[in-house]
Amino acid sequence: MSEAVMQPGKPAAMGIFERFLTLWVGLCIVAGVALGQAMPGAFQALGSATVAEVNLPVALLVWLMIIPMLLKIDPAALGQLGMHWKGIATTVGINWLVKPFSMALLGWLFIGTLFRPLLPADQIDSYMAGLILLAAAPCTAMVFVWSNLVDGEPNFTLGQVALNDLIMVVAFAPVVGLLLGLSAITVPWDTLLLSVGLYIVLPVAVAQLWRRRLLESGGQPLLQRVLDRLGPWSLLALLATLLLLFGLQGEQIVRQPTVILLLAVPILIQVYFNAGLAYWLNRRLGVAWCVAGPSALIGASNFFELAVATAIVLFGFQSGAALATVVGVLIEVPVMLSVVRIVRASRGWYERGQ
């Protein structure tokens, strides 16, 4: 069976809440910054609730976001992942052979050259290191949200994320060491392993146990009713995550707006470049749209918890590297939502080329 035959139907029409998601995101950004300034103590308390640099309130919100997506995964269908080998190969290539190196080039061009006069001279190299750390780790959890928003193939998404996690264990340190010119990299293994456990192993296990009980109790109709009820809660958790992240970093935004805007430029370019390249390559290879969408999104997004933790371990909490990775955190949700919109809007163009 070809990949094209595996495609699901057209994406479901978005409801009012989903259609105006960009507006809610904008309001959450503004509200997060304002609340971070108005209630710094509360946000500091939330920000300090971490284990191995993994923020537990954010982890809880991520669970609320991804459990509904994981409920859709049919374990029996995971055996068909080989049918999507072109999409898997494309995503792996973008994540490990293109993204870290394209970010190194963009960092040199913008931070090291064009924006150099506008940035603190003693932090230039540190900023560039932070950008590389951000690009060298593919996203672990949030891609389930992005994949769901483009009606992506859930089994492909899980298989691709699991493969990236395995590759990251052996490839993250060598890639970062090569690009930073360091002979040895101290990888925060506790952060990496805890994140994989929290964002992949545990929620997958919970979702599959829940799915089995729902199917045993009421079959597919009951599972669908539960998914329909959980949908709005998943998006609310996404907005709450955004509110929390901008509240936690509100002081940085107000104190260093120019630096943050300049650091955001190469991050934005690399996201759109890598997403566009993955999407185009999948189209050229005849990959089904339901696979190409999550492939592009996985190829563009970042594992910011690992990036932030590594930057702190290598360069310190107050370093330019840590700040650069935090900028990646701040723009992750808004920019990935824009990629989601582009992927959905371009489905007709994509499928005409197959």
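## A quick tour of some helices

Let's start with S295, which sits in helix α12 (residues 289–300). Keep in mind that this is a predicted model.

- S295 has a relative accessible area of 0%, so it counts as buried, the label for anything under 20%.
- Skipping residues up to four places away in sequence, S295 touches G87, T90, T91, F156, A278 and N282.

**Helix α14**
- Helix α14 covers residues 320–345, and at 1.5 Å a residue its 26 residues should span 38 Å.
- Because 21 of its 26 residues are buried, α14 is largely enclosed by the rest of the structure.

- L105, W108, L109 and L114 together make a nonpolar surface patch of about 410 Å².
- One of them, L109, belongs to helix α5 (residues 85–114).
- L109 has 33% relative accessibility, so it counts as partly exposed.

**L179 in helix α8**
- You'll find L179 in helix α8, which runs over residues 154–180.
- With a relative accessible area of 22%, L179 is partly exposed, since it falls between the 20% and 50% cut-offs.
- Setting aside neighbours within four places in sequence, L179 is in contact with P100, F101, A104 and I132.
- L179 and A136 are 43 residues apart along the chain, and their C-alpha atoms are separated by 9.7 Å.

Notes. Residues numbered from 1 in each chain as written. Predicted model: local features only at pLDDT ≥ 70, side-chain atom pairs only at ≥ 80, totals over all residues. Heavy atoms only, no water. Helix = DSSP H or I, 4+ residues; strand = E, 2+ residues; numbered from the N terminus. Expected span 1.5 Å × (residues − 1). Buried < 20%, exposed > 50% of the residue type's maximum accessible area, 1.4 Å probe, protein only. Patch = residues over 30% accessible without salt bridge, like charges linked within 9 Å, V, L, I, M, F, W, Y side chains within 5 Å. Areas by Shrake-Rupley, 256 points an atom, 1.4 Å probe, with all protein chains shown as cover. Salt bridge = Lys/Arg side-chain N within 4 Å of Asp/Glu carboxyl O. Contact = heavy atoms within 4.5 Å.
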